[in-house]
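Reader: Can you walk me through this one? I'd like the interfaces, briefly.

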Number of protein chains: 2
Amino acid sequence: MKRDSRLSTVLHVLLHMADPSGPVRSDVMARAANTNPVVIRRTMAGLKQAGFVRSEKGHGGGWELNCDLDKVTLRDIYLALGSPTLLAMGNRTESPGCLVEQAVNRALGQTFDEAEALILERFGGVTLAQLAADIRGNHKHQEHTHAS
Amino acid sequence: MKRDSRLSTVLHVLLHMADPSGPVRSDVMARAANTNPVVIRRTMAGLKQAGFVRSEKGHGGGWELNCDLDKVTLRDIYLALGSPTLLAMGNRTESPGCLVEQAVNRALGQTFDEAEALILERFGGVTLAQLAADIRGNHKHQEHTHAS
DNA sequence: TTTCACGTAACATATGAAGTTACATGAAAC
DNA sequence: GTTTCATGTAACTTCATATGTTACGTGAAA
């Protein structure tokens, strides 16, 4: 499959919206993200439904943040996107009759579950405000975000 | 993309080969794995090159194990498969000029790197022999393989 | 009423795993 | 040595999914 970059894209445009210069149109975001306005709107739909952003039609319309950057984590954004698949690998058959395959599934599945849990935990530990601060210059904090 | 199940498949057939009843043909493995002989041969090619299995043509031919199950880990098998992509998500652009996107990439990339490292570490901690033992009945060990 | 921007369906494109067909290669059986 | 068998591999096709695009409906401001 193609690598899923929706989270990357949506974080990018969200943080661009963070500096409060009025509503941002889909086509402007699309240009910044080097993609298509429809792709932006489609991707933002989940965030809107989750209440993280709002949008207005017509003249002067566009997208605005509708949340406290301190209270929203990458995990929240990920969930709002519909929890897209994290791992590119999986078990061949989910409920096999074969004992051998069941054992393989247990071993692999355990590792896959741990990896997914780790990702969600890390996502949950980063707020949009932290990312915004990171952008404003203090990149040194980045290194020990989770090591502290 | 379709979920990659090559590791799952190849472990399945490898462990079936573990009980020493002579060479196993691709079509037999394919039937067991509910797939196609060519897919099996294609997938096994890397394992053969890595020396974990050998194959013979002609009458009485087929595939046999060529390694010590105690010495080969899931990580070795994964690498022999050509280290297929582990994560379904990635950064939209790998080397963006935009500072905002750079910050997003750092945050996401760090998490992705950790997740991949975790998976490889877990894979490295499980030998084929352990899986084979697991199949032979002592499923209780499974739970605390890594918690011990 | 016109213009603008979102909302969304429908379709096109791209990527990569998996499935399939066809045939060459080499080894054992006869 | 010829036949049979199994791998090795190229060259498709199929399938799933993210992404890109076109077209048009909807509602709000000018």
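Author: What follows covers the contacts between the chains, then the DNA. This is a predicted model, where local features need pLDDT of at least 70, side-chain atom pairs count only at pLDDT 80 or more, and totals for chains, interfaces and linings use all residues. Residues are numbered from 1 along each chain as its sequence is written, chains are lettered from A and ligands numbered from 1 in the order in which they are written, and side-chain values use heavy atoms, with hydrogens and water left out.

Reader: How many residues of chain B are in contact with chain A?

Author: 51 residues of chain B touch 52 residues of chain A. Contact means heavy atoms within 4.5 Å.

Reader: And how much area do they bury between them?

Author: About 4900 Å², with 65% of it on carbon and sulfur atoms. Buried area is the accessible area (1.4 Å probe) that two parts lose on being put together, summed over both.

Reader: How many salt bridges across that interface?

Author: The rule finds four. It asks for a side-chain nitrogen of Lys or Arg within 4 Å of a carboxyl oxygen of Asp or Glu. Arg122(A) and Glu114(B) form a salt bridge at 2.6 Å, N to O.

Reader: Which helices of chain B supply that side?

Author: H1 (6-18), H4 (74-80), H5 (99-124) and H6 (128-135) of chain B each give at least two residues. H5(B) has the largest share, 19 residues. Helices (H or I, at least four residues) and strands (E, at least two) are DSSP runs, numbered from the N terminus.

Reader: How do the residues on that side divide by class?

Author: Into 25 nonpolar, 15 polar and 11 charged. Ala, Val, Leu, Ile, Met, Phe, Trp, Tyr, Cys and Pro count as nonpolar, Asp, Glu, Lys and Arg as charged, and the others, Gly among them, as polar.

Reader: What lies by a base nitrogen?

Author: A polar side-chain atom of Arg42(A), 3.4 Å from a base nitrogen of DNA strand C.

Reader: And which side chains sit by phosphate oxygens?

Author: Among them, Ser55(A), with a side-chain N or O atom 3.0 Å from one, and Asn36(B), at 3.3 Å.

How values were computed
A polar contact is a pair of N or O atoms within 3.5 Å; within protein, one must be able to donate a hydrogen and the other to accept it, and residues adjacent in sequence count only if both atoms are side-chain atoms.
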